[in-house]
Amino acid sequence: MAILLLAEHDNSTLSDQTAKALTAAKSIGGDVHVLVAGSGAQGAADAAAKLDGVAKVLLADSGDLANGLAEPLADLIVSIAGDYDTLIAPATASAKNVMPRVAALLDVMQISEITEVISADTFKRPIYAGNAIQTVQSTDAKKVITVRTAAFQAAGEGGSASVETVSAPPKAGLSSFVSDAIASSERPELTSAKIIVSGGRALGSAEKFKEVILPLADKLGAAVGASRAAVDAGYAPNDWQVGQTGKVVAPDLYIAAGISGAIQHLAGMKDSKVIVAINKDEEAPIFQVADYGLVGDLFELLPELQKAL
Amino acid sequence: MKILVPVKRVVDYNVKIRVKPDGTGVELANVKMSMNPFDEIAVEEALRLKEAGKAEEVIVVSIGPAKAEETLRTGLAMGADRAILVETDQPVEPLAVAKILKGIAEAEAPGLVIMGKQAIDDDSNQTGQMLAALLNWGQATFASKVEIGEGSAKVTREVDGGLQTVEVKLPAIVTTDLRLNEPRYASLPNIMKAKKKPLDKKTPADFGVDTTARLTVLKTEEPGGRKAGIKVASVAELVEKLKTEAGVL
C-alpha cells in the first residue's frame with residue numbers, strides 16, 4: 001500500500017525537509033503521496049509534485065489549516081489515513097506537534113526521529129540524546145513515523161505528479177491562532193544550510209556574539225547557530241540553538257567557536273561532514289569530534305579567519 | 001481548577017549512560033535517577049499558577065516502578081499537593097502512558113495538564129500530544145510562556161524559526177520547553193513535609209489499559225563514533241586544509 005508524507009512548507013515554498021523525508025519514505029517502499037495542508041498553498045503543492053519519486057500530491061487548502069494548528073491538521077490526516085499503511089513526516093516542530101496526535105487517534109505507537117530505514121517495519125532511532133541507537137520493529141498495522149532529516153539526503157527533482165484536492169473535515173475549534181513571531185533573516189535556515197557558524201558561552205555577551213560570529217557567517221553565506229549555554233545566557237535567540245533540545249543539523253561544514261562540546265550540543269551536530277573547533281581550552285571535548293582544531297583566542301582568530309576567506 | 005502534572009523517573013541528565021555490551025539496552029542498575037528535567041519545569045509552572053491564584057490544587061502523577069515514588073516525593077517537596085503512582089515494572093510506551101493518564105484525567109477532571117515535551121531517556125516527544133488526542137482536548141506543545149484566561153489559555157510555543165502564540169480552550173494539554181521557567185529547589189523542611197503528603201497507588205489494570213509494547217526493541221547499540229582529527233597551528237593552515245583536504249570551501 002501507499003505511503004503518505006506530510007509536507008513541511010510555508011504555503012508558498014516547500015521546505016527541503018520534505019525532500020529529505022521523501023528519501024526515507026522511498027526506502028520504505030511503495031507509492032509516496034505528499035499531503036500539502038495549508039492556506040493558499042498551491043505553490044508548495046506544485047513544488048512537491050516536481051520531487052522525484054512522488055506519485056501524487058494531495059492539496060488541502062483551507063483557512064483553518066493556515067497556521068498548522070495540530071487539532072485540525074490531525075483530523076485531516078486521520079480522515080485520509082485509511083488509504084495508507086505508513087504516515088511519515090520530517091521531524092520539524094510542526095510535525096512533532098501533530099504526528100503523535102494522529103498516532104493516538106489511530107491507536108498506533110509512533111516511531112520518532114528515525115535515522116535509518118532497515119525495512120518497512122524496522123527502523124533505527126537515537127535515544128538518550130543520541131548516546132545510544134535503538135533498532136525498533138513496529139507491530140502496529142499502520143506505521144506513524146517522524147524522520148530526523150539530518151540523516152537523509154534530499155530527494156532530487158524530476159517528477160511530474162498530479163495535484164489533487166482533498167477537503168478538510170469540519171473545524172473542532174479546540175484552539176486558535178493568535179500570532180507568529182518568526183525571525184526573518186537573509187541567512188540560510190539552520191536545518192538546510194551547507195555551512196553553519198556556531199558560537200558558545202565564550203563569546204561573553206550578545207554584542208560580542210553579533211560582532212564576531214555574524215560577519216564570519218555572512219562572509220561564508222552560512223547559517224548561525226549557538227550552544228544551549230549561549231542561548232540560556234541570552235547571547236543568541238532560542239531558535240538558533242543547536243543540540244538535542246534544539247535543532248539537529250548536518251551541514252558540510254560546522255564551525256564551533258567558543259563551544260566546549262557538551263553531550264547535549266554534540267548530539268545536535270556530530271553528523272556534520274566536517275567539523276572545525278576553535279577554542280582556547282585545548283582539553284575541550286569539542287576537539288574529540290572536530291576534524292580540525294584550532295587552539296587560541298576566538299576574538300583574534302575569527303576576524304583573522306574572516307579576512308583569510 | 002486542578003492541575004495535573006505527569007512526571008517520569010529517568011537517568012539523571014548529568015550521567016553519561018552506558019550501552020550494555022550484549023545490546024539489550026542501557027545500563028540502569030546503580031545509576032543515579034532523577035525527575036525528567038522537562039517535567040520539573042512542568043511542576044514549577046503548575047506551582048506558579050497555583051501561587052498566582054489560577055489553580056487550587058497541583059497533583060503529580062507517575063507511571064513506573066515502585067521507586068518512582070521518590071520522583072513523586074520530589075514533586076511534593078517542590079510544593080505539589082498530592083500524588084498518584086501507577087505502579088508497573090514493565091516499560092510503558094507513550095501511547096499506553098497516554099491511555100493511563102486519560103483515565104486519571106477523567107477521574108480527577110483537571111482544568112489543565114502540564115507535562116514535559118519529552119523524556120530525556122527515550123526522547124519520544126509524544127505523550128502530551130497523544131493524551132490531548134485521546135481526551136479530544138486542545139494542545140499547546142513546546143511552551144515558553146503560559147497565560148491563563150477565562151476558560152482558555154494563551155500559550156507561546158517554540159517553533160522552527162521563532163515563536164507561535166496560540167489560544168487553547170480549557171481543559172487543555174500544555175507541554176513544556178526549556179525556557180518556560182527555572183524550577184525551584186525543594187527546601188529541607190519541604191522535603192520533610194512531603195513525606196506526609198498523600199500518595200495514592202494504582203495499577204494500569206485499574207484504568208483498563210493494556211501496556212503490551214507495540215514497538216519491539218531488537219537492539220540497542222553505541223552510536224557510530226567520530227574520531228578526533230588534527231590540530232592546526234594557524235588560521236592560514238585551517239583555510240588551506242578546508243580548501244584542499246576537506247574540499248568544503
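The charged end of K231(B) sits over the ring of F287(A), 4.6 Å from the ring centre. The model is predicted.

**Charges over rings**
- K117(B) lies over the face of F142(B), and the distance to the ring centre is 5.8 Å.

**The aromatic pair**
- Over all chains, the structure holds one aromatic pair.
- Its partners are F209(A) and W240(A).
- The pair is tilted, with 35° between the planes and 6.0 Å from centre to centre.
- F209(A) lies in helix α5 of chain A, residues 206-220.
- W240(A) lies in the loop between α6 (228-232) and β14 (253-257) of chain A, so the pair ties together parts that are 31 residues apart in sequence.
- F209(A) is buried, and its relative accessible area is 1%.

**A buried lysine**
- K20(A) lies in helix α1 of chain A, which covers residues 16-28.
- K20(A) has a relative accessible area of 13%; because buried means under 20%, K20(A) counts as buried.
- Leaving out residues up to four places away in sequence, K20(A) touches T149(A), F152(A), Q153(A), A154(A), A155(A), T191(A) and S192(A).

**A domain from the record**
- UniProt, in an unreviewed entry, lists residues 23-211 of chain B as "domain: Electron transfer flavoprotein alpha/beta-subunit N-terminal".
- Over residues 23-211 of chain B, the chain is 30% helix and 31% strand.
- The end C-alpha atoms of residues 23-211 of chain B are 23 Å apart.

How values were computed
Residues numbered from 1 in each chain as written. Chains lettered and ligands numbered in written order. Predicted model: local features only at pLDDT ≥ 70, side-chain atom pairs only at ≥ 80, totals over all residues. Heavy atoms only, no water. Phe/Tyr/Trp six-rings, centres within 6.5 Å; stacked < 30°, edge-to-face > 60°. Helix = DSSP H or I, 4+ residues; strand = E, 2+ residues; numbered from the N terminus. Buried < 20%, exposed > 50% of the residue type's maximum accessible area, 1.4 Å probe, protein only. Lys NZ or Arg CZ within 6 Å of the ring centre and 35° of its normal. Contact = heavy atoms within 4.5 Å. UniProt positions renumbered as here; feature names shortened; annotations may be inferred.
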